[in-house]
Amino acid sequence: MPDPVMNIRGYQSGSGESDHPHDDDHERNYSPFSEYIDHSKHDPEKVVEESPNGRYAKLNSVLGKGAYKIVYKGIDREEGYEVAWNCFQTTRQEYAELSQEVEILKRVRHPNIINFHDCWYSNTEFIFITELMTSGTLREYIRKLQHPNVKVIKRWCRQILKGLIYLHSYDPPIIHRDIKCDNIFINGAHGEVKIGDMGTAKMKIGKKYTVIGTPEFMAPEMYEEKGYSEKVDIYAFGMCLLEMVTGEYPYGECKNAAQIYKKVIQGLKPDCLATVTDLEVLSLINHCIAPEQERYSAQEAIEDPFLAVEPEVVVLTTNEAKNHLTLQVVFKGMDKLSVKFEFNADTDTAEEVVNEMIEEQVLPQQYQRLITHDINRILRELAGPNDKKDISGHHVPNSPLMLHNNQSQGAISPITLDATNPIVQPGLSRRNSNPDYSGDVELPFKEYLPDTPIEELVQDTAMAYHRGPDKANEWLAKLKNQDIMTVGDLKDLQDSDWAGFGLTVFASRALRNRLFGRNVKRPGAMTRSLSHGLDDGSS
Ligand SMILES: Nc1ncnc2c1ncn2[C@@H]1O[C@H](COP(=O)(O)OP(=O)(O)OP(=O)(O)O)[C@@H](O)[C@H]1O
């Protein structure tokens, strides 16, 4: 086996400074920066070079230098915004070999990955234009904030993982190979986090003394020449998280790459791991730096309890009597799921409605207690100090605020919208996991003749609301139990008759909407709305 230490890229000192101890090597092969250094003395806004097509201009302003490339500020003349102009020393032959990679990079588009706009070869350099990041790297931020608070760390982690989920979902997966806090950039006032230094991993492989990663962040399998998978990015992410929470560079106790290598292949963890006291963080790090077979995927990591987003219930509208409410479950900080539903304080209880939403797979079970608790809090606040409840939890209608109403108003509208991170719901096809999908009825309105078999209505409804055959059969059994055999049998029923079927509020609403044509999607009625009630009268 070749000496792996000779095969990894320039060791960076544990002090966390971005020095490049293999400068010798660079000097031997080329001197990428010396010809540019004096430019900083001149006007930083001066255009010093243009792209072959004239669209991009390089300004006389260096944004940063790494071991391999020098990055300048540039301008996209067509769009009128600033870009990063990256110069990477390489041969024309190496550049030609990269053409396939480059085509892939051009197609990579994700809010948590730095955009790659264009590239060309010029005068011993591979030049590529990327999105410009304005606020430095995560590593600089960690140093600046000293100990970033847990909320900030969670926000960073979710964004990095969303980027990784996207890259790893390619077939074959795109492996970054050099995830570390120096390659994760922060943008602007909102603290957007993006993965950078994309696609240069392959280029670096060709360089002497270099490979693929940074020793402190390299998974054990990367040191062995047996091949590795996208899980190496998760290992590196685990090390980034360790750096975020401790402020220390992992394996800072090691003096050189050889020492790190020895520890990593023996399964010895970085010393600073022992200083992590928060058990949730520790568990997530351990799942990320575990041996490859046991290691989390990016999706599993984002679903880890440490990163789970706690839902909150908000009141959207209430009537004057404050007994008919429109509530919404919001998952703050994550556009994962939002559920709007109506709640009749006289006839519904938080427990029943939440159970129903879980039963209908509109809400994940794990939030049952939290959401129930939140709805009850809202009810208490709305009812004020004189509120009374009966033994079943229903509001007693002697409260001056409460009007009695026998009709249950609970209608639940599932909305699952996030192009990059769709929540997985049985019966909800991936086809629907795009931002244009409003989560409700997809079939066109249909007039059912009275002698239409009840099966047809039930099947259409289940399909329209993305419920599987199991649900349809369950609804059908309940209706048939009450001798409902045709659509005609249902049409003339009163609300109180519907209550006798034992269907959930959701199922009754869905069937009635389908039957009577409320809220049925017609061509052009698709909205971009994140929240779309079953019974919101929008159509
Ligand atoms: N898109 C960008 N926007 C703003 N600044 C950037 C951008 N990309 C890189 N830089 C700056 O240039 C510096 C060098 O870039 P980078 O670290 O990616 O180079 P590298 O040669 O690939 O280095 P290494 O492999 O050591 O990470 C960064 O530290 C950063 O300051």
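This is a predicted model: local features need pLDDT of at least 70, side-chain atom pairs count only at pLDDT 80 or more; totals for chains, interfaces and linings use all residues.
Two strands pair if DSSP finds at least two bridges between them. By that rule, β2 and β3 form a hairpin, with three residues between them. Residues are numbered from 1 along each chain as its sequence is written.

**Overall make-up**

- The chain has 18 helices and twelve strands.
- Buried residues make up 38% of its 539 residues. A residue is buried if 20 or more other C-beta atoms lie within 10 Å of its own, exposed if 12 or fewer, and partly exposed in between, with C-beta atoms placed from the backbone.
- Of the contacts with a separation of 6 or more, 62% join residues 24 or more positions apart. Two residues are in contact if their C-beta atoms, placed from the backbone, lie within 7 Å.

**Ligand shell**

- There are 20 residues around the ligand, and G64, G66, Y68, V71 and A84 come nearest. A residue is near a molecule or strand if its C-beta atom, placed from the backbone, lies within 6 Å of it.
- The shell divides into eight nonpolar, seven polar and five charged residues. Ala, Val, Leu, Ile, Met, Phe, Trp, Tyr, Cys and Pro count as nonpolar; Asp, Glu, Lys and Arg count as charged; the others, Gly among them, count as polar.
- β2 (56-65), β3 (69-76) and β6 (125-131) each supply at least two shell residues.
- β2 gives the most, with three residues.
- The ligand lies between domain 1 (47-131) and domain 2 (136-307), because both give residues to the shell around it. The domain bounds come from an automatic or database domain assignment.

- Strand β1 (residues 47-50) runs antiparallel to β2, and three bridges join the two.
- E49 has K58 in β2 as its bridge partner.
- The β1 and β2 hairpin has five residues between its strands, and G54 takes a positive phi near 80 degrees there.
- β2 also runs antiparallel to β3, through six bridges.
- In that pairing, A57 stands opposite I75 in β3.

**Helix α8**

- Helix α8 (residues 231-246) has 16 residues, which should span 22 Å at 1.5 Å a residue; its end C-alpha atoms are 23 Å apart, which agrees. The expected span is 1.5 Å times one less than the number of residues.
- α8 is mostly covered, with 16 of its 16 residues buried.

**The loop between α5 and β7**

- C181 is found in the loop between α5 (150-168) and β7 (184-187).
- C181 counts as buried because 23 other C-beta atoms lie within 10 Å.
- Leaving out residues up to four places away in sequence, C181 touches T137, L138, R139, I142, C240 and E243.
- C181 and F217 are 36 residues apart in sequence, while their C-alpha atoms are 9.7 Å apart in space.
- P172 also has its place in the loop between α5 and β7.
- The peptide bond from D171 to P172 is cis, with omega near -5 degrees.

**Other loop residues**

- T124 is in the loop between β5 (116-122) and β6. Its phi is near 65 degrees, a positive value in a residue other than glycine.
- T124 counts as partly exposed because it has 14 C-beta neighbours inside 10 Å.
- K322 is in the loop between β9 and β10 (324-331). K322 is not a glycine, yet its phi is positive, at about 60 degrees.
- K322 counts as partly exposed, with 18 C-beta neighbours inside 10 Å.
- E303 lies in the loop between α11 (298-302) and β9 (311-318). E303 has 16 C-beta neighbours inside 10 Å, so it counts as partly exposed.
- E303 and R158 are 145 residues apart along the chain, and their C-alpha atoms are separated by 9.4 Å.

Technical notes. Helices (H or I, at least four residues) and strands (E, at least two) are DSSP runs, numbered from the N terminus.
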